[in-house]
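Dear colleague,

Please find below the sequence and the structure that I am handing over to you. My account of what was found follows directly after them.

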Amino acid sequence: MYPVFYSGGAVSAAYVLASVFSFLVSHILLALQLIGLWFTYKKMNLPGWKGIIPFYNIYTLFDELWEKKYFWRSLIYTVIFAVCFIIGEVFIFVGGVFAYNSYPKASSGGTSLILMIVGITFFIAALVMLIMAFVIYFKVYHRTAKAFGLKTAWAWGMLFVPYIILPIIGFNRNIVYYGPLNTVNQ
């Protein structure tokens, strides 16, 4: 006989509580990020609403601090990443189905191996596209940090923990917006 805490009801209740907790935490972090974006954009002398509209906020950031063509490149890299990832998943899934269904037969083992290799190739292409988009986003966040007179560590923060960094930039009166960089190499 199993102890009471292993019953299906207790596990379901724990799952529901964990789901509610993660829902609340994720929405609180999203709210912090949106509030930080609003006030950061206002500090950049832009309307705050431009900071909270998905895709348009990044487009505005590229337009203000760098060039629009890099926004479009990052968007293309992201779309190619998603497409390659999905195609890679399909090839690996189909290869796995072939391998599972034809395991006793040695003749179709090569087909499943080829499908899996093609799938892994698409995953590698997806990873390359993700890294290329990541580099572009880091560069625009680096330009954002420099426009506020901040160090490079703030760019890493905007990339990985924007729900902490953006409210700090938006609400800290000691952080002042100086304007976009005028150097070509930055």
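Helices, at least four residues long, and strands, at least two, are taken here as DSSP runs and numbered from the N terminus. The model is a predicted one, and every remark below should be read with that in mind.

**Overall architecture**

The protein comprises six helices and zero strands, in the order α-α-α-α-α-α along the sequence. Of its 186 residues, 30% count as buried. Among contacts with a separation of 6 or more, 55% are between residues 24 or more positions apart.

**The loop between H1 and H2**

Two residues in this loop deserve attention for their backbone angles. Asparagine 45 lies in the loop between H1 and H2 and, although not a glycine, has a positive phi of about 65°. Its relative accessibility is 69%, so asparagine 45 counts as exposed. Phenylalanine 55 belongs to the loop between H1 and H2 as well. Phi of phenylalanine 55 is near 70°, again a positive value in a residue other than glycine. Is phenylalanine 55 buried or exposed? With 58% relative accessibility, and the cut-off for exposed being over 50%, phenylalanine 55 counts as exposed.

**Helices H2 and H3**

The axes of H2 (residues 56-65) and H3 come within 7 Å and cross at roughly 140°. On the H2 side, Ile58, Tyr59, Phe62 and Asp63 take part, and they meet Lys68, Tyr70, Phe71, Trp72 and Ser74 in H3. By class, this contact has six nonpolar, one polar and two charged residues.

The buried residues in H3 include Tyr70, Phe71 and Ser74, together with Tyr77, Cys84, Gly88 and Gly95.

**Helix H4**

Isoleucine 117 is found in H4 (residues 109-147). At 46% relative accessibility, isoleucine 117 counts as partly exposed.

The side chain of histidine 142 makes a polar contact, at 3.3 Å, with the side chain of threonine 152.

H5 (residues 152-160) and H6 (residues 162-171) have axes that come within 6 Å and cross at roughly 125°. The two helices are therefore oblique to each other. Trp154, Gly157, Met158, Leu159 and Phe160 in H5 meet Pro162, Tyr163, Ile165, Leu166, Ile168 and Ile169 in H6. This contact has ten nonpolar residues, one polar residue and no charged residues.

Threonine 40, for its part, is placed in H1 (residues 8-43). With a relative accessibility of 2%, threonine 40 counts as buried. Which residues does threonine 40 touch, not counting those up to four places away in sequence? They are Phe148, Leu166, Ile169 and Gly170. The side chain of threonine 40 reaches the backbone oxygen of leucine 166 at 3.2 Å.

Yours sincerely

How values were computed. Residues are numbered from 1 along each chain as its sequence is written. This is a predicted model: local features need pLDDT of at least 70, side-chain atom pairs count only at pLDDT 80 or more; totals for chains, interfaces and linings use all residues. Side-chain values use heavy atoms; hydrogens and water are left out. Axes are lines fitted to C-alpha atoms, for helices over the stretch in contact, and angles run from 0 to 180 degrees between N-to-C directions. Angles under 35 degrees count as roughly parallel, over 145 as roughly antiparallel, 65 to 115 as roughly perpendicular and the rest as oblique. Contact means heavy atoms within 4.5 Å. Ala, Val, Leu, Ile, Met, Phe, Trp, Tyr, Cys and Pro count as nonpolar, Asp, Glu, Lys and Arg as charged, and the others, Gly among them, as polar. Buried means under 20% relative accessible area, exposed over 50%, partly exposed in between (1.4 Å probe, protein chains only). A polar contact is a pair of N or O atoms within 3.5 Å; within protein, one must be able to donate a hydrogen and the other to accept it, and residues adjacent in sequence count only if both atoms are side-chain atoms.
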